[in-house]
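Look at the sequence and the model below.

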Amino acid sequence: MQEVRAAVIGTGVMGRKYAQMIAEGKAGALRLTAVVCRSAGAQQWAKDTLPDTVRVCPSADQLYDYAEEFDAVLVVTPHKTHPALVMQAFAHGKHVLCDKPSANALAPALEMNRAAEESGLVFAMMFHQRRYKKYMRLKKLLDDGVLGEVKRVQLENSRYFRTWMYHRSGSWRSSWAGEGGGALLNQGQHILDIWQWLFGMPESIYAVIPYGKYNDFMVDDEATLLMEYPQQRTATFILSTGEGSYTERLEIVGTKGTALLEEDTLTLHTYTPDTETYRRTADCTERQQLTETTTTEQFAPQAEPYPEMLANFADAILHGTPLTAPGVEGVRALELTDAAYLSAWLGEKLTLPLDANRFEQELQKHIQEEQTNG
């Protein structure tokens, strides 16, 4: 096999974008053979935009009537539909690339992961920000031990300002029943994925979430998370989709240095000797004998690396190339999200791993409350 025949399930904004990239030959060895479009408008878009050779199906069930025509599917639908569609694809022997998040809650995502592992098929997530050069640079600094032992991390992000028009752009958006959450489950998934990719999963989490702070709904548009790691490493994660100012700031404090990433500028401070040695051996009371070297790196604007992610998916199928974002890892950002929601609801610090059933019980309570007040 020299190419991977792909079907795109879901033709909203991102589904259309992926379908066109593949159809235009921008996705490596992927070739578009089918799309699933439920609405008449989406079906007309497909017929007007995509090559005549692309089959247009009104449902995933009908897509599999032509299962011999494709090898893999891209699932690009509302969050809560992901697990069933992914597992249906595995049952038909198809490889899967799933858009973020894995699901609308942890329990179905775990079930999806089990199906993926049993299938032996390629399962990828569209966490494309792992290919941002600035995050790849931070990953290398951490892996190479340039910063020493990480002691503290602080992130603040208000990049994703969202208006009321956005929140009402789909009946399922920004609700417990439809989306399964708000900012953390939507925009926050990319940031939380980068977080766990760089720093791993914490031992505990405590969240303060003023639900509906900027909007008239019951889900989150702001969240502050305090996380604890082994060896007393502490971390703070702040996300807002309601602030006018654009802030994108990540600070990592280690024993050998500090990295500060502000938007596309990375400032690196390194110490000689490392602070643990200096603290024990210095014959002064402060920093007088600590040598600090400061460097700055500027990252050029980067196009969203969707084509590279699509090509990587195809290469994993054809050649066994390691995935940029394995699908089973998608559960990690989701677990952080659900743990934060549950912590805020209960007013408690929670230890990980999260009890998925406990979260599901509380989620159902909030869905009922939302429907009663809606």
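Leu155 touches Ile191, Trp195, Thr236, Phe237, Ile238, Arg249 and Leu250, leaving out residues up to four places away in sequence; contact means heavy atoms within 4.5 Å. This is a predicted model, in which local features need pLDDT of at least 70 and side-chain atom pairs count only at pLDDT 80 or more, while totals for chains, interfaces and linings use all residues. Residues are numbered from 1 along each chain as its sequence is written, and side-chain values use heavy atoms, without hydrogens and water.

Leu155 is part of strand β7, residues 150–157 (strands are DSSP runs of E, at least two residues; helices are runs of H or I, at least four; both are numbered from the N terminus). With a relative accessible area of 8%, Leu155 is buried, meaning under 20% with a 1.4 Å probe and protein chains only. Between Leu155 and Lys256 the C-alpha distance is 20 Å, and they are 101 residues apart in sequence.

A nonpolar core is a set of buried Ala, Val, Leu, Ile, Met, Phe, Trp, Tyr and Cys residues joined through side-chain atoms within 4.5 Å. In the largest core, Leu138, Leu184, Trp195 and Phe237 touch the most other members. Helix α11 (residues 330–346) gives the most to this core. The table lists both cores.

| Core | Size | Residues include |
|---|---|---|
| Largest | 60 residues | Leu138, Leu184, Trp195, Phe237 |
| Second, separate | 58 residues | Ala6, Trp45, Val86, Met309 |

Leu138 is in contact with Leu198, Leu250, Ile252, Ala259, Leu261 and Leu266, setting aside neighbours within four places in sequence.

Definitions and conventions: Buried < 20%, exposed > 50% of the residue type's maximum accessible area, 1.4 Å probe, protein only.
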